[in-house]
Amino acid sequence: MKKNRRLIQVLIFLGVLVLGGYAIGNSLFANSGGLPGKGQTPPSFALLDLDGKTHRLEDYKGKALVLNFWGTFCPGCVTETPDLEEQYKKHADKPFEVVGINLSEDKLAIRNFIEQYGVSYTILQDDNRQIERAYGLRSYPTTFFVKPDGTIMDVFIGPMGKQDMDERITKLLAS
């Protein structure tokens, strides 16, 4: 009798843990509908660059856009930054933009990173991680390839190799 009661208590406790963990996980990672995918319009944003100028997603309409969510703490972000910079310079004569959205780091860390890696494309700050949540991000880097019509052509999660990046940007520019 005592053994059965103990088993029931353990099962109830485990059930509460599972349900509680699920509820906490859902609230921490909740967003407006998950990671936007191919053919969808990415969530709008209004973010500041390092000089305090506001940039909106709508500012890039009519251009091929690479939106790269990154952080200085992220090894994959660090490895792909030189390739993003190379692509940005390679296609400077086209209606093309690369925008890096930093995940809530301080300006000094971002400025040091930009200087160290010679980044010349636009860097925006998601200070309160509101845009990160709106985009449903779960890992970094995450890169969105947005066509000139404002729809997503592709999403790449994780660090991109040079060839992956070049293929996607070539396809993006042809759209």
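**Close-up views of the predicted model**

**View 1. Tyr-121 is a buried residue.** Tyr-121 has a relative accessible area of 6% and is therefore buried (under 20% relative accessible area, with a 1.4 Å probe and protein chains only). The model is predicted, with local features requiring pLDDT of at least 70 and side-chain atom pairs pLDDT 80 or more, while totals for chains, interfaces and linings use all residues. Residues are numbered from 1 along each chain as its sequence is written, and side-chain values use heavy atoms, leaving out hydrogens and water.

**View 2. Tyr-135 and Phe-144 form an edge-to-face pair.** Their ring centres lie 5.1 Å apart and their planes meet at 70 degrees; rings of Phe, Tyr and Trp (its six-membered ring) pair if their centres lie within 6.5 Å, and planes over 60 degrees apart count as edge-to-face. Tyr-135 is buried at 0% relative accessibility, and Phe-144 is likewise buried, with a relative accessible area of 0%.

**View 3. An open sheet is built from 7 strands.** The strand order is β2-β1-β5-β4-β3-β6-β7, with mixed pairing; strands are DSSP runs (E, at least two residues), numbered from the N terminus, and two of them pair if DSSP finds at least two bridges between them. Strands β2 (54-56) and β7 (152-157) stand at the edges with a single partner each, so one side of each has no neighbour in the sheet.

**View 4. Strands β4 and β5 run parallel.** Strand β4 (residues 96-102) is joined to β5 by 4 bridges. Gly-100 stands opposite Ile-123 in β5.

Methods:
Buried < 20%, exposed > 50% of the residue type's maximum accessible area, 1.4 Å probe, protein only. Phe/Tyr/Trp six-rings, centres within 6.5 Å; stacked < 30°, edge-to-face > 60°.
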